[in-house]
Amino acid sequence: MDEQVIKYLNEHQQENLDQLLKFLKIPSVSTDSTYKKDVKDAATFVAGYLKEAGFNQVEIQETKGHPLVYAEWLEASDNAPTVLFYGHYDVQPAEPLHEWKSEPFSPEIRDGRIYARGASDDKGQVFMHLAVFKAYLQTKERLPINVKICIEGEEEIGSANLYERLNEKKDQFQADFAVISDSGMVDNDQPTILYGLKGFTGLEFTIKGPDSDLHSGMYGGAIRNPAMAMAHVLASMKNLEEVVLVNGFYDQVEELTEEERELMAQAPSEDYTTTGASGTVSEKGFTAKEHTMARPTLEINGLYSGYQGEGTKTIIPATATAKLTCRLVPGQEPQEIQDLLIKHIENHLPEGVTAEIKKEPLSAKAYRVDPNHPLMKKAAESFEETFGKEAVYVRMGGSIPVVEWLDSIYHIPVVLLGFGTPEDRLHSPNESFPVDHFEKGMQTIATYWEKVSQ
């Protein structure tokens with residue numbers, strides 16, 4: 001830990017907080033073209049801050065969609081490693097607005113938390129890194145390692161143009177490792193090392209019967225009901241023990257080691273009953289934590305058919321539609337899983353109906369890094385020195401596609417330094433981020449750069 005840098009961060013706490021609040025006021029909603037100028041304003045804010053901080057190369061790179069901010073400082077010693085820091089400045093829509101206790105783009109601090117859209121995902125966590133870089137450059141006139149920065153404006157819409165840019169400009173973005181702060185801890189003030197993410201894929205399919213809805217009295221018993229056919233197909237895909245029955249689904253899954261199962265058992269677990277569910281279910285032979293973190297899943301995300309209004313309408317619906325997604329683990333290939341799902345649907349489709357299947361275009365492979373990797377151990381040590389607790393190691397059920405892209409394109413380890421908490425309400429009304437995590441997070445980051453440089 002560099003005492004001069006920490007002293008600077010402590011002395012500039014209010015200034016850093018004020019700058020974050022200014023950043024949060026920008027409604028950089030990437031999903032809505034109404035906010036296109038605001039998204040550009042957020043990119044301008046990031047670029048301006050980096051120039052003020054002391055970065056000698058900063059540029060706003062235009063894409064086919066929203067711009068990304070690139071910056072670099074490459075003047076560390078010859079043997080110093082180079083890190084690529086990735087983050088995003090775009091945010092989710094704030095709706096439903098009536099559920100917010102304060103305006104989503106008028107940040108408010110209450111009960112020790114910063115309330116605003118983007119407070120945790122991802123502006124708050126991104127800004128901590130920017131402030132630490134500034135603290136180094138303002139006090140030491142140098143950074144302990146070489147730094148490249150990529151902060152995009154399309155993460156919340158699937159990073160639509162990032163993969164192409166990373167491939168096009170390999171030399172520019174090449175680094176020895178990457179750091180991302182777009183995740184969280186398993187509990188408040190509980191240092192958490194996230195060493196794995198699930199992959200993602202899915203599809204939507206519609207079962208078609210008659211050309212239009214039919215009178216169920218006149219045609220029931222003669223015409224196959226697409227809604228009932230859909231029920232049969234879906235029921236054939238997974239049993240009540242949460243085991244997926246799609247042939248080949250588990251063939252390439254990397255089995256959990258006993259060491260990993262012990263790591264997961266040691267990590268605090270969410271109280272799933274707070275969701276309102278009556279209990280937990282998990283794949284036979286695995287705990288809920290193990291299934292969530294490290295076993296693949298198949299879920300129905302949407303299901304609709306027939307009459308949805310009040311009362312009864314006696315029809316045989318013309319169609320039934322289901323939306324499915326799978327969270328994948330290391331070894332599983334998204335395209336292969338999609339093909340297996342399609343084959344299963346086709347093989348279990350009853351006579352008298354047809355199926356129209358549409359693949360989900362956004363897919364990503366799972367990511368896992370060795371929890372004993374030196375970069376991970378140094379991250380754990382940095383967390384522990386700041387938060388005063390031993391770190392726990394977990395894998396996460398969510399997906400961050402850019403992590404897998406960095407792995408596949410650059411073949412470098414990705415360190416996930418997450419400072420969010422379970423109470424942050426990501427993507428929901430009243431999103432927030434703890435002020436103390438904002439302050440401790442900056443100290444942790446500064447400590448990490450020192451350890452990595454040694």
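These are my notebook entries on a few spots I looked up in this predicted model.

**Ground rules.** I number residues from 1 along each chain as its sequence is written, and side-chain values use heavy atoms, with hydrogens and water left out. Since the model is predicted, local features need pLDDT of at least 70 and side-chain atom pairs count only at pLDDT 80 or more, while totals for chains, interfaces and linings use all residues.

**His-129.** I found this residue in helix α4, residues 123-139 (helices are DSSP runs of H or I, at least four residues, numbered from the N terminus). His-129 counts as buried because its relative accessibility is 0% (buried is under 20% relative accessible area, exposed over 50%, partly exposed in between, with a 1.4 Å probe and protein chains only). Its side chain makes a polar contact with the Ser-181 side chain at 2.7 Å (a pair of N or O atoms within 3.5 Å; within protein, one must be able to donate a hydrogen and the other to accept it, and residues adjacent in sequence count only if both atoms are side-chain atoms). Leaving aside residues up to four places away in sequence, I also see His-129 touching Phe-85, Val-179, Leu-417, Ile-445 and Trp-449, among others (contact means heavy atoms within 4.5 Å).

**Met-218.** I went to helix α7, residues 216-219, for this one. Met-218 counts as exposed because its relative accessibility is 62%.

**Helix α13.** I checked residues 401-410 and found the helix mostly covered, with eight of its ten residues buried. The buried set includes Pro-401, Glu-404, Trp-405 and Tyr-410. Just past α13, I noted His-411 with a positive phi of about 55°.

Terms used. Helices (H or I, at least four residues) and strands (E, at least two) are DSSP runs, numbered from the N terminus.
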